[in-house]
Amino acid sequence: MPVYAQHGYGKTDKVELGLQQGSLGGVILSPRDEKPTKLAAFVEDLQTAFEGVTVLFDPQFYASTISPVKDGNLPEYPYYQSVLTRARFVSPADLQQYVGQTLNYEMTLGLDRLVSPTIMFSDFSDPWSQIALSLAQQSIATHGQLADPPPLLLSLVMDETALRNGDALNEFLDIITAWDVEGFYIVVRRTDRGYPAYCEEIVLRNQMYLAYVLAEMNNFEVVFGYTDVLGVLLHAVGVAATGTGWHNSLRQFSLSRFQPSTGGSPPRPRYTSQTLLNSILVVPELAGIQTVGQMGNVLSGTAYDGVMVGNPANATWPPATSCLHHWEVVSDLVEDIASYATVSEKLDRVDELIVQGVATYGLLRNAGVVFEPSTGSRDLEVWLRSLRAFRQNVGL
Amino acid sequence: MKLPLVSSDDLKNVIPALTTIDAPTAGGQKLVFRCTMGEMCFALKVMLAGDAVVGGETEEDGEDILDEVTARAKREVAIISACETPHVVKAGPIPLTAAEINGQKTIYFSEEWIEGRDLSRILQDGSLSIADVVELGRAMTLAIQALWEVKKIHRDIKPGNIMRRDGAGHFVLLDMGIAFDPLDVSLTAAGVVIGTMIYVSPEQVEYAKKRQMDFRSDCFSLGMVMYEAVTGRHPFWVPGMLSQQAVGNILMSNPERPRTYRPEMPAELERIILRLLGKQPHLRYRTCEDLLAALGEVPLT
């Protein structure tokens, strides 16, 4: 199953349950959120209990350049250094050291993929993107010198604003598609801190293009982290896997995950609807849908959401259940898309699902249900325009 | 660039070991003589050496100071000696040598003589069969692959530089004279487009991208050659059009689908050709192996 748990703080036994129920095929580990000894034990436990599970380790080296940083357990990992300024990435010997220490540490975990260290960039032509390219090239070189290493995924962490520039993206792709490597682990940082984050049409279109060129055209193994339901669009264009976690901050990547907290209220319970392709608020949105007698149009029918059939406002819906339900919905959607043979057919299907979602939102609004902007159909409309513009661009 | 004034008799005087020397043909900056030495038949290429010094290759570096023609010839000989595929012309028995002939500073070297016709002449008789187009694609991909294994790009893949051997019918890539090494010292002035204008790739035209060029540039040129071989038409140029206009089309326009002109051609082959003609290298094939695999799936019946 090509949906991975995006690991973070407070994992309890959710990952194991997600693997058991078949919604997950793997996990992307976050060293920030686990002590080294516990993380190593967790890897071993997963590999023992779940044959064929994919365990990726995101070294989160990019946190090294954030100041002030909330890096949790990262300083306990031998490869991590903080705070690194741009001057610390000039010397090839330094790059060699960062990469060598990171990959050597990952080798001790017995993983079936290594993930290279990287830093975050905001533009394909800024100095940080050149450093990211240098780190990637150094990673290929270092990986080539390791004894019997697992295949290497090069990690790239970019701000979504970088994806506004299609010409720069093209040049970047010309460079990275020439590399001899197994694949890429990509994270796109969202600037909107709301959940779900608003994503501009051009950004999503170019993100689809990035995924399509790497995965479908050039046969790289591509894993996108922190994708949430939006990952369905990326699966349609060929990516191998996407990651989504339990907290909102593990479903979309924002810098705030690595910055000191400014406080805030606990997240409100949400329900992920397969039809609406969104995680709506249990109260008042799902409760409102129940009031107008439209639950049949939005329930996903997972092993968990039977409790919602009555009054959602009174249902027992703890975060762990909400998370397992979310993974099952995303997994079902991805499985649905995967059942179509060609990219064109997969995109047809996603188009159909989005149109269906928009129509359902319309029906619910007409019945008097009120949605917040982020949980309404705004995003689906952007997805649809992005998808259709992408298809026109690549002639699919 | 002038051609050297050298006759067969002059050559016989310079290289007495030659058994027979045919009258030369002129090709670009060089005279090409068909020669034999005992049973061995080969082509001897003779050209005028220049005076200009190529930057970067100095006596301090432990290298000879070379003029551009000699530097290119040296590179060409090194490439054909290094490539181990029957689809790249092979080096002959006479190495790169400088000699004064008739008061002219010349250089010469040899490569295998290929009995056959070049693709530009073959295409004058009409387009190729589908099987031959696939074989052409396969052979040239193997040639591009062999070149890239020594980190070289041909930069001038065109019908006139592809020979088809008589007998076995193998296609062979000729003329490595302007091959490019992205890591080596440039033999070309900034802003000069090298290669036959109507067969250049988009990145050959854009100077800023030249150092990033790789084998995928040759793949674009191969796409144009295959398009022409299957349809009888160049994808971006028609007779009478200025070459600048063709370059503009290479950069900005998409060609007609090949099946417009050859409806019976397999869709798989059309897809390969159109993919090779992708404006950005990342839209073509990531490896020559991938391209060979795709060619292997084209139905030939």
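## Getting oriented

Helices (H or I, at least four residues) and strands (E, at least two) are DSSP runs, numbered from the N terminus. What you're looking at is a predicted model, where local features need pLDDT of at least 70 and side-chain atom pairs count only at pLDDT 80 or more, while totals for chains, interfaces and linings use all residues. Residues are numbered from 1 along each chain as its sequence is written, with chains lettered from A and ligands numbered from 1 in the order in which they are written.

## The loop between E3 and H3 in chain A

Let's start in the loop of chain A between strand E3 (54–57) and helix H3 (92–107), which is where Pro68(A) sits. The peptide bond that leads from Ser67(A) into Pro68(A) is cis, and its omega is near -5°. Gln60(A) is in the loop between E3 and H3 of chain A too. Its phi is near 55°, a positive value in a residue other than glycine.

Why point these out? Most residues other than glycine have a negative phi, and most peptide bonds are trans. There's another cis bond to find in chain A: it joins Tyr195(A) to Pro196(A), with omega about -10°. For Pro196(A), look in the loop between strand E7 (183–189) and H6 of chain A.

## H3 meets H4 in chain A

Now follow H3(A) to its packing with helix H4 (residues 127–145) of chain A: their axes are 9 Å apart and the angle is about 55°. (Axes are lines fitted to C-alpha atoms, for helices over the stretch in contact, and angles run from 0 to 180 degrees between N-to-C directions.) That angle makes H3(A) oblique to H4(A); under 35 degrees counts as roughly parallel, over 145 as roughly antiparallel, 65 to 115 as roughly perpendicular and the rest as oblique.

Which residues of H3(A) meet H4(A)? They are Leu95(A), Gln96(A), Val99(A), Gly100(A) and Leu103(A), and on the H4(A) side you'll find Ser134(A), Leu135(A), Gln138(A), Ser139(A), Thr142(A) and His143(A). Contact here is a matter of C-beta atoms, placed from the backbone, lying within 7 Å. (Ala, Val, Leu, Ile, Met, Phe, Trp, Tyr, Cys and Pro count as nonpolar, Asp, Glu, Lys and Arg as charged, and the others, Gly among them, as polar.)

## Two domains in chain A

Zoom out a bit: chain A is divided into domain 1 (3–258) and domain 2 (270–394), with bounds that come from an automatic or database domain assignment. The C-alpha centres of domain 1 and domain 2 of chain A are 27 Å apart. Across the boundary, 30 residues of domain 1 of chain A are in contact with 31 residues of domain 2 of chain A.

On the side of domain 1 of chain A that touches domain 2, helix H1 (14–20), helix H6 (201–217) and helix H7 (231–236) each supply at least two residues. The largest share, 7 residues, comes from H6(A). By class, that side of domain 1 has 17 nonpolar, 9 polar and 4 charged residues.

## Over to chain B

How do the chains touch? 8 residues of chain B are in contact with 10 residues of chain A. The chain B side has 2 nonpolar, 3 polar and 3 charged residues.

Inside chain B, 3 strands form an open antiparallel sheet in the order E7-E8-E9; strands pair if DSSP finds at least two bridges between them. E7 and E9 of chain B are at the edges with a single partner strand each, so one side of each has no neighbour in the sheet. From one strand to the next, the twist averages 30°. H4(B) packs on this sheet, touching E8 and E9 of chain B.

Strand E7 (residues 116–118) and strand E8 (residues 162–165) of chain B pair over 3 bridges, and Arg117(B) has Arg164(B) as its bridge partner in E8(B). Another 3 bridges join E8(B) to strand E9 (residues 171–173) of chain B; here Met163(B) stands opposite Val172(B). The hairpin of E8(B) and E9(B) has 5 residues between the strands, and Gly167(B) takes a positive phi near 85° there.

Terms used. Two residues are in contact if their C-beta atoms, placed from the backbone, lie within 7 Å.
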